[in-house]
Amino acid sequence: MRLPLLALLARGPAHGYELKQDLVQLLGAAYPQPNVGQIYVTLGRLEKTGLIEGEAIEQSSRPNKKVYHLTEAGHEALRAWFEETADEPRVRDEFFMKLALAPQTGLADQISLINRQRRQYLNTMRQLSKLAAAEDRDNRISHLLIEGAMLHLQADLDWLERCQEELEELQ
């Protein structure tokens with residue numbers, strides 16, 4: 001949450017609730033909705049580390065609000081983040097660990113595990129399809145997020161099929 005908030009603040013000063021609304025509008029319903037409390041806690045941490053500064057703004061009919069803006073250190077952190085590549089190979093997959101350990105425990109059947117996981121992926125795929133149909137057609141970012149999640153799920157389904165074939169050959 002830290003770096004996405006910094007990225008939103010790169011456009012200009014904002015307060016926590018505005019940042020939450022910006023994330024929701026940008027990413028749509030497919031992305032887990034941020035909790036406004038989490039946003040304010042994160043903003044407090046970013047301020048303590050010197051990546052942002054907050055300023056209390058008086059409001060006549062409402063409580064004061066705190067508006068945040070990026071510091072130079074925040075700009076540098078954001079530039080560094082955009083330069084990094086995402087390197088997240090899925091070799092530490094919890095499902096695969098269950099699959100590998102099931103025969104040693106005698107507590108689960110590998111093919112049953114695969115079938116249960118396959119059902120979960122298919123249910124998630126259906127939910128994402130419904131979400132895509134309901135999402136605003138003009139929100140391309142949200143549609144790309146949904147499409148990416150569905151492509152990952154399809155790859156996971158193909159991999160499950162491969163696992164099942166391999167295990168059936170061993171039996």
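In this predicted model, P4, L5, L8 and L9 of helix α1 sit against L19, D22 and L23 of helix α2. Sorted by class, that contact comes out as 6 nonpolar residues, no polar ones and 1 charged. Helix α1 covers residues 2-9, and its axis comes within 10 Å of that of α2, the two crossing at roughly 100°. Angles from 65 to 115 degrees count as roughly perpendicular, so that is the label α1 gets relative to α2.

Next along is the pairing of α2 with α3. On the α2 side, the contact draws on G16, Y17, L19, K20 and L23; α3 brings in V36, I39, Y40 and L43. The class tally for this contact is 7 nonpolar, 1 polar and 1 charged. L19 and L23 of α2 turn up in the contact with α1 and again in the contact with α3.

Then there is the empty space. Rolling a probe the size of a water molecule over the atoms shows where such space is left. The largest pocket holds about 210 Å³. Its lining is made up of P4, W81, E84, T85, A86, D87 and E88, which split into 3 nonpolar, 1 polar and 3 charged residues.

Terms used. Residues numbered from 1 in each chain as written. Predicted model: local features only at pLDDT ≥ 70, side-chain atom pairs only at ≥ 80, totals over all residues. Heavy atoms only, no water. Contact = heavy atoms within 4.5 Å. Helix = DSSP H or I, 4+ residues; strand = E, 2+ residues; numbered from the N terminus. Nonpolar A, V, L, I, M, F, W, Y, C, P; charged D, E, K, R; others polar. 1 Å grid on protein atoms, 1.4 Å probe; cavity = no way out; pocket = protein on both sides within 12 Å on 5 of 7 lines; lining within 4 Å. Points joined across faces, edges and corners; volume = space filled by probe spheres on them. Axes fitted to C-alpha atoms, helices over the stretch in contact; angles between N-to-C directions. Parallel < 35°, antiparallel > 145°, perpendicular 65-115°, else oblique.
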